Amino acid sequence: MGVLRVDHPDIIEFIDAKLEEGMFYNFNISVAITNRFMEALKNKTDYDLMNPRTGKNEGTLYAPFVWEKIVNNAWTNAEPGLLFLDRINKDNPTPKQGTIESTNPCGEQPLLPWESCNLGSLNLARMLKDGKVDWVRLAEVIRLAVRFLDDVIEVNRFPMPQIEQATLANRKIGLGLMGFADLLIELRIPYD
């Protein structure tokens, strides 16, 4: 996934990057939206563009123009997506480690720079016993899966020292669920 802040000087080219058929095929793009941009949009004003390397102002853009471009391109080809950076960072579980700038495309998990995405999934359809949810087994499997995911972090050979440092510092894991519809069918509970 490619993410670019809405206040980056190249944001218009980035928003339009996938308008040409076949460009960046199998590559998702999202615009990182800030509260400052949303205020400018609400007030129908310009907002500042900032060079990420120097922190210097690189001009302004009219927020409603940028918003219309995002909306029209999303309608045309389902991209770009949006990330609300300030909102994501409000709930950052490790703010002293840094600021979240993007998400991992596998689980849409917000991550700090250099963090890895360590995901697993439990199949709820396999948690039945005698026509009922086996809550004891489910609790046991959850504990084992969390331990397994943490062990993956421990034994992993990281491709770069920055990834190793960030991953070991935060040890983020994600344990998802699948098989919910199948579980409901087995329990004779309507999915609706």
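Colleague: How many salt bridges does the structure hold?

Modeller: The model is predicted: local features need pLDDT of at least 70, side-chain atom pairs count only at pLDDT 80 or more, and totals for chains, interfaces and linings use all residues. Residues are numbered from 1 along each chain as its sequence is written, and side-chain values use heavy atoms, with hydrogens and water left out. A salt bridge requires a side-chain nitrogen of Lys or Arg within 4 Å of a carboxyl oxygen of Asp or Glu. By that criterion, the number of salt bridges in the structure is 8.

Colleague: Which residue meets Asp-16 in a salt bridge?

Modeller: Asp-16 is partly exposed because its relative accessibility is 23%, where buried means under 20%, exposed over 50% and partly exposed in between (1.4 Å probe, protein chains only). Its salt bridge has an N to O distance of 3.1 Å. The pair links distant parts of the chain, 53 residues apart, from the loop between helix 1 and strand 2 to helix 3 (residues 63-77); helices (H or I, at least four residues) and strands (E, at least two) are DSSP runs numbered from the N terminus. The partner of Asp-16 is Lys-69.

Colleague: By about how many helical turns are Arg-147 and Asp-151 separated?

Modeller: The side chains of these two residues meet in a salt bridge at 3.1 Å, N to O. Arg-147 is exposed at a relative accessible area of 54%, whereas Asp-151 is partly exposed at 30%. Because Arg-147 and Asp-151 lie 4 residues apart in helix 5 (residues 135-155), the separation is about one helical turn.

Colleague: Which residues are linked with Glu-154 in a network of salt bridges?

Modeller: Glu-154 forms a salt bridge with Arg-171, with 2.8 Å between the closest N and O atoms. That pair joins distant parts of the chain, 17 residues apart: Glu-154 is in helix 5, and Arg-171 is in the loop between helix 6 (161-170) and strand 11 (174-178). Glu-154 is exposed, its relative accessible area being 51%, while Arg-171 counts as partly exposed at 26%. The residues networked with Glu-154 are Asp-150 and Arg-171.

Colleague: Is Ser-30 buried or exposed?

Modeller: Ser-30 belongs to strand 2 (residues 29-33). Neighbours within four places in sequence aside, the contacts of Ser-30 include Met-1, Phe-14, Pro-80 and Leu-83, contact meaning heavy atoms within 4.5 Å. Since its relative accessibility is 8%, Ser-30 counts as buried.

Colleague: Is Glu-79 buried or exposed?

Modeller: Glu-79 is located in the loop between helix 3 and strand 5 (81-84). Beyond neighbours within four places in sequence, Glu-79 is in contact with residues including Lys-18, Phe-27 and Asn-73. With a relative accessibility of 11%, Glu-79 is therefore classed as buried.

Colleague: What accessible area do Met-23, Phe-24 and Phe-27 have together?

Modeller: Phe-27 occupies the loop between helix 1 (11-15) and strand 2, and it counts as partly exposed because its relative accessibility is 33%. Patches are made of residues with over 30% relative accessible area and no salt bridge, like charges being joined within 9 Å and nonpolar side chains (Val, Leu, Ile, Met, Phe, Trp, Tyr) within 5 Å. Accessible areas come from the Shrake-Rupley method with a 1.4 Å probe, and for residues only the protein chains shown count as cover. The three residues form a nonpolar surface patch whose accessible area is about 250 Å².

Colleague: How much space lies in the largest pocket?

Modeller: On a 1 Å grid over the protein atoms alone, a pocket is an open set of points with protein on both sides within 12 Å along at least five of seven lines, a cavity is a set where a 1.4 Å probe fits but cannot get out, and lining residues have an atom within 4 Å of a point. The largest pocket is lined by 16 residues, with Arg-5, Asp-7, Pro-52, Leu-85 and Glu-101 nearest its centre; strand 1 (2-5) and helix 4 (85-90) are the elements giving two or more residues to the lining. Grid points are joined across faces, edges and corners, and a volume is the space filled by probe spheres set on the points. For the largest pocket, this space is about 290 Å³.

Colleague: How much space lies in the largest cavity?

Modeller: The structure holds 1 cavity of 30 Å³ or more. Residues lining the largest cavity include Gln-109, Cys-117, Lys-172 and Gly-174. The space in the largest cavity is about 50 Å³.
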